[in-house]
Amino acid sequence: MAIRRLGLIMHGVSGRMGMNQHLIRSIVAIRQQGGVTLANGDKVMPDPILIGRNAEKIEALAKAHGIERWGTSLEQALANREDTVFFDAGTTQMRPTLLAQAIRAGKHVYCEKPIATNLNEAVEVARLAQASGVKHGAVQDKLFLPGLRKLDMLRRAGFFGRLLSLRLEFGYWVFEGDLQPIQRPSWNYRAEDGGGIILDMMCHWRYVLDNLFGEVKSISCLGTTHIPQRWDEAGRPYPATADDAAYATAELVGHGGEPVIAQLNMSWATRVRRDDLVTFHVDGTHGSAVAGPQECRAQSRVTTPRPVWNPDVKQTMNFFDQWQEVPDTQVYDNGFKIQWEHFIRHVVDDEPYRWTLPEGAKGVQLVEAALQSWKERRWIDVPPLAI
């Protein structure tokens, strides 16, 4: 068994998502487990260099997790031929420029979503990657969540019969910052800084819908800013200029060609009374299922109860007890780490990989369609995206 080094430039990992999911729970975890195993039994060991603007902060982060290399110059890092992969989890507004810079330096690229704030830039950088011949990928972490993997298993087994509809509920109350400390960065609520729940979440819903339920054909969306004033990390009030909630309906073409209706509710101004912060309720002719990030519960056609509508008496049925939990049939690893391992094998071993930059561009396409629908107050078609 040989151990092969993979030089990895990691940019923007001092932020919450980049640090926790990509650095600590993915790359550091992969290093601690001895690398990524290839088909022939060899191991690939990521050797990251952390790049950021704040030298003191990035050095402390590197030392805290046993990483020897760090720096503040992306140009110098890209000039190192021994580092062949570039990863970005920085600001969305800068992402297309950084990806293009890395691609022109001959690096394989992997990045967080959205891959851009607008479709033109997303398509442009995806085309550049394809024309350059480098390996490329975009994060689609929700596909690797245990709950959604169980949901997909039910679909592939034919449990649902003909798919009818999906109801997606996402969100929680993000503190305004005056009474309780904020739990999301303040830039999320400033449109001028790339904030907004439609831009942030619709990219996720695109790949979940396409892969699990059916290709998105059209969308109707209403966005809003429920909380017009928030307080930033320093306790200073500021106007919230980005949407903090959106309510959408999408028409899908299911994998069997059947029409599927998806309702997508997302909000940072709602209080949770459901199984988790996100739930996917799927109805089909032969069965239904409700999945969260970790768990999935199902109800088949033959076990469906027979409730009677009578609003004059107290409901005696406990509807939550009438669903059967889909059991864990394997040990589920962190979704971000799983996709990192796929991408590393794709780069080193040429393993097939489908979560590419063009797939990331499709997420931005749905964002723009949703924003256009909101602005023009009408349904917007979502045509196939030519890359």
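I took helices (H or I, at least four residues) and strands (E, at least two) as DSSP runs, numbered from the N terminus. By that numbering I found Phe87 in strand 5.

The model is predicted, and I kept to its limits: local features need pLDDT of at least 70, side-chain atom pairs count only at pLDDT 80 or more, and totals for chains, interfaces and linings use all residues. Residues are numbered from 1 along each chain as its sequence is written, and side-chain values use heavy atoms, with hydrogens and water left out.

I used under 20% relative accessible area for buried, over 50% for exposed and partly exposed in between, with a 1.4 Å probe and protein chains only.

I then listed its contacts (heavy atoms within 4.5 Å). Leaving out residues up to four places away in sequence, Phe87 touches Leu8, Ile9, Met10, His11, Val13, His22, Tyr110, Cys111, Glu112 and Trp340. I also checked Lys135, 48 residues from Phe87 along the chain; their C-alpha atoms are 12 Å apart.

For pairing I required at least two DSSP bridges between two strands. Strand 1 and strand 5 are parallel, with five bridges. Met10 has Phe87 as its bridge partner in strand 5. Strand 1 also runs parallel to strand 3 (residues 43–51), with nine bridges. There, His11 stands opposite Ile51.

**Entry: helices 4 and 9**

I counted seven buried residues among the 10 of helix 4 (residues 95–104). They are Arg95, Pro96, Leu98, Leu99, Ala100, Ala102 and Ile103. These residues pack against several elements, including strand 1 (3–11), strand 5 (83–88), helix 5 (119–132) and helix 9. Gly106 follows helix 4 and has a positive phi, near 85°.

Arg377 follows helix 9, with a positive phi near 55°.

Which residues cover the two faces of strand 15? Gly287, Ala289 and Ala291 lie on one side, Ser288 and Val290 on the other, and all are buried. In a regular strand, side chains alternate between the two faces of the sheet.

Strand 14 and strand 15 are antiparallel, with four bridges. They form a hairpin with two residues between them. Val282 pairs with Ala289 in strand 15. Strand 15 and strand 16 are antiparallel too, over five bridges. Their hairpin has four residues between the strands. Ser288 has Gln299 of strand 16 as its bridge partner.

**Entry: pocket and cavities**

I worked on a 1 Å grid over the protein atoms alone: a cavity is a set of points where a 1.4 Å probe fits but cannot get out, a pocket is an open set with protein on both sides within 12 Å along at least five of seven lines, and lining residues have an atom within 4 Å of a point. Points are joined across faces, edges and corners, and a volume is the space filled by probe spheres set on them.

The second largest pocket has a volume of about 470 Å³. Its lining has 16 residues; Arg167, His281, Val290, Phe320 and Trp323 lie nearest its centre. Strand 8 (163–171), strand 14 (278–284) and strand 16 (296–300) each give two or more residues to this lining.

I found three cavities of 30 Å³ or more. The largest cavity has a volume of about 50 Å³. Its lining includes Lys113, Cys203, Arg206, Tyr207 and Glu359. Helix 7 (197–213) and helix 9 (357–376) each give two or more residues to it.
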